[in-house]
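Subject: Handover of a structure

Dear colleague,

Please find the sequence and the structure below. My notes on what was found follow directly after them.

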Amino acid sequence: MHLYHGGTEIIEKPEIRIANRPVDFGDGFYTTSNFEQASNFAKLRADFRKMKFGIVNVYEIDEKLFTDFAILKFKSPNEEWLDFVLDCRRGGKLFEKYDLIIGPVANDRVFRVLDFYEAGVFTKERAIEELLPYKLSNQYAFFNKDLISNLKFVKYAEVKI
């Protein structure tokens, strides 16, 4: 399977990264199976840093390896996903029990729903109801060095902003 990481640098040897802000699934190395999503993220990062292009790193990994590790998979933005993402965004450490977490990515529109839920404007049921129509891309967040070492760098692509 191919996974993509969008940013502003070529990363031949992925590693766990400590986030400088709260992220969906905690401190790790984030990828997606969606090239367009990685490309859009790379463009945003490049634009923020006043660069002319972003970088999408392309990796291969054998999914059969996943069976040897502690994996948490969210198929949709459901109640469990909502609680997990909010815990991580509040600095919680639920992610530390896992080697890999797979699930929907919270984009800017989703942040508004999460903010309303956290502020008590939306109930949990209402927040989930609001999230269901969104077609969210996926993310694969790696937390285990042994598993990350199986991400084989294939190439990178420059994406112009």
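The lining of the largest pocket is made up of 41 residues, and G6, R21, F41, R45 and V105 are the ones nearest its centre. A pocket here is an open set of points on a 1 Å grid over the protein atoms alone, where a 1.4 Å probe fits and protein lies on both sides within 12 Å along at least five of seven lines; lining residues have an atom within 4 Å of a point. The volume of this pocket is about 1,300 Å³, taken as the space filled by probe spheres set on the points, which are joined across faces, edges and corners.

This is a predicted model, in which local features need pLDDT of at least 70 and side-chain atom pairs count only at pLDDT 80 or more, while totals for chains, interfaces and linings use all residues. Residues are numbered from 1 along each chain as its sequence is written, and side-chain values use heavy atoms, without hydrogens and water.

At least two lining residues of the largest pocket come from each of β1 (2–7), β2 (29–31), α1 and α3. Helices (H or I, at least four residues) and strands (E, at least two) are DSSP runs, numbered from the N terminus. The greatest contribution to the lining, eight residues, is that of α1.

Helix α1 spans residues 35–48 and contains Q37. The side chain of Q37 reaches the backbone oxygen of N138 at 3.3 Å. Setting aside residues up to four places away in sequence, Q37 touches T32, V105, S137 and N138, where contact means heavy atoms within 4.5 Å.

Finally, M1 lies in the segment before β1 and counts as partly exposed because its relative accessibility is 29%. The C-alpha atoms of M1 and F153 are separated by 12 Å, although these residues are 152 residues apart along the chain.

Yours sincerely

Technical notes: A polar contact is a pair of N or O atoms within 3.5 Å; within protein, one must be able to donate a hydrogen and the other to accept it, and residues adjacent in sequence count only if both atoms are side-chain atoms. Buried means under 20% relative accessible area, exposed over 50%, partly exposed in between (1.4 Å probe, protein chains only).
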